[in-house]
Amino acid sequence: MNKFVNFKLFVLLTLLSYAGVAYSQDNVIDEVVWVVGDEAILKSDVEEARMDAQYNQRRLDGDPYCVIPEEIAVQKLFLHQAVLDSIEVSEAEIIDQVEYMTEQYLHVIGSREKMEEYFNKTYTQIRETLRENARAGSTMQKMQQKLVGDIKITPSEVRRYFSNLPPDSIPFIPTQVEVQIITMQPKIPIEEIDDVKKRLRDFTERINKGEIEFSTLARLYSEDRVSAMRGGENRLMGRGEMVPEYANVAFNLQDPTKVSKIVETEYGFHIIQLIEKRGDRVNTRHILLKPKVPEEELIKATVRLDSIADDIRSSKFTFEDAASILSHDKDTRNNHGLMPNISINRNSPRFNTSRFEMQELPQEIAKVVDKMNVGEISKAFTMINEKDGKEVCAIVKLKSRINGHKATITEDYQRLKDIVVEKKQQELLEKWIIEKQKRTYVRINDNWKNCTFRYPGWARE
C-alpha cells in the first residue's frame, strides 16, 4: 500500500480517534511528548489513537508509542503546509464526511446513547470533533494531491518496472468478470400499498395528537435503517442530493411541528418532518415503509424470467435485446444489460469499467456467477436491489471471465501503471517529508526518543 493510501487510511481510522474512546482520560496525568513547530502532541493523543487502532484492528508496524506520535507529527507537517498554501475544503465535503463517519459509528455501536457512553461525550461534542477531524483529514489529503500533482508515466517506464520485478514480487490479479443482467420487479397488490399508506396515516395522526414523537416512530418502524438509528433524521442536503419526489415536498415544508403528506419515491412511501432550513439546504426526518412483495408474485416473476432465459437459449432473441426491451433495471437496460462497476473509486483509472472482482459484485449475483461458464445464462433468482432495497427477480449472463493470474504487461498494463504511479507518489511524499523535517522545529520528550523512526530526522537535538 502506498504512502498516499496509507495517509488516507490513517485519516479515517486514527485521526478520528481524537473524538475519544471507551475509557476516560480524567485520571491520566497528561504531558507534552512531542512538539512539532508550534503544535504539541500530548500523551493522551497518543493513548487514544493507540486504543482506537486496537479497536479497529489496525496493525501497527512497530512500537505504538513510536509509530503513532510519528504519524501524528507527519500529519502536522502536511497541515502546516496546507495553511501556508491556502488549501481549503468545502463545507459540503466536510458535512458528507461527518455524516458518513457518524453512520459508521452508529452502525457499529448501535445507538446514539451507546455512542455517547462509548466516547464519554455528548452527541453534539462527538460530531463537532468529527467535524474538526474531517476538515483536517480532507485538508491533508488535498495537500498530498497538490504535492504529487499529475504524474505522467510512459509505457517504457511501466515495462522497465515490470521487467525488474523479482518473480515473487509480480502482483497477482484476482479473477475478473463481466456480467449482464435482466431484472423484473414483481407486482405489488394494491391492497399491500393501501396497507402501507394506512400505517403512515396512523403514524401522522398519533404524532399530530402528541401521543408520540416522530423520531420515536422512526426508530421503531422506519425501513431506512441508517436514518432510523438517528430518529429518522437525514442531514443537511441540497435538492440535487434527494430524489425529486422527496425534494419537492421537503423544500416546501415550513412548520417543523407538521408532518407532510405521504410521498411515494422509488424507495417506497414516506412521511417527512422538517428539522431546519439553511440556505439552499434542508434537514428533514422521515419514516420509510416499503410494500412487501407477496410470495406468489415472486414465483410469477421467477417463472417469467426462466421462460425468457429459455427463449434466449433457443435463439429466439438475444440476451442483449431482451435486456434492452424487458429489463426493469434502468441502470443497465440502455447498455444491453451490462452491469457497470460502481464500487470503484471515482478517481481510480478503473472507474467506468464493467469488470468486477468477485467481492465487488452484489452477494446474490456473485454466488450465481461463481459457478457459471462464459456465455451461460443463469436460472432466475431473487435478490435485493442495492440501490433502493427492493426485492427483485433476475437472470444473469456471464459475458467474460479473466481468471486470477500473475500480472502480465499485455493483459494488465493499467494495473501495473497504477503501481508505478503509486510508487512515484510515495517517493515524492517521502522526499517532501524529509525536506520539511529539516525546516521544522521538533522537540521530543527524552522518554519518547528511544525509537527507530521511519523518518530518522526527528531527533536532531
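What you see is a predicted model, where local features need pLDDT of at least 70, side-chain atom pairs count only at pLDDT 80 or more, and totals for chains, interfaces and linings use all residues. Residues are numbered from 1 along each chain as its sequence is written, and side-chain values use heavy atoms, with hydrogens and water left out.

**View 1. Helix α4 crosses helix α6.** Helices here are DSSP runs of H or I with at least four residues, numbered from the N terminus. Two packed helices are described by the angle between their axes and the distance between the axes. For α4 (residues 91–109) and α6 (residues 123–148), the axes come within 9 Å and cross at roughly 125°. Axes are lines fitted to C-alpha atoms over the stretch in contact, and angles run from 0 to 180 degrees between N-to-C directions. That makes α4 oblique to α6 (under 35 degrees is roughly parallel, over 145 roughly antiparallel, 65 to 115 roughly perpendicular and the rest oblique). On the α4 side, the contact (heavy atoms within 4.5 Å) includes Ile94, Val98, Met101 and Tyr105; the α6 side includes Leu130, Ala134 and Lys142. By class, this contact of α4 with α6 has eight nonpolar, three polar and seven charged residues (Ala, Val, Leu, Ile, Met, Phe, Trp, Tyr, Cys and Pro count as nonpolar, Asp, Glu, Lys and Arg as charged, and the others, Gly among them, as polar).

**View 2. Helix α6 from end to end, and Gly149 after it.** Gly149 follows α6 and has a positive phi, near 65°.

**View 3. Helices α8 and α9 meet.** The axes of α8 (residues 190–208) and α9 (residues 214–221) come within 10 Å and cross at roughly 150°. That makes α8 roughly antiparallel to α9. Arg199, Phe203, Arg206 and Ile207 in α8 meet Phe214, Leu217 and Tyr221 in α9. Sorted by class, that's five nonpolar, no polar and two charged residues.

**View 4. Two serines with a positive phi.** Most residues other than glycine have a negative phi. Ser86, in the loop between α3 (64–84) and α4, has a phi near 55°. Ser315 has a positive phi of about 65°. Ser86 is exposed, with a relative accessible area of 55%, and Ser315 is exposed at 63% (buried is under 20%, exposed over 50%, partly exposed in between, with a 1.4 Å probe and protein chains only).

Methods. Helices (H or I, at least four residues) and strands (E, at least two) are DSSP runs, numbered from the N terminus.
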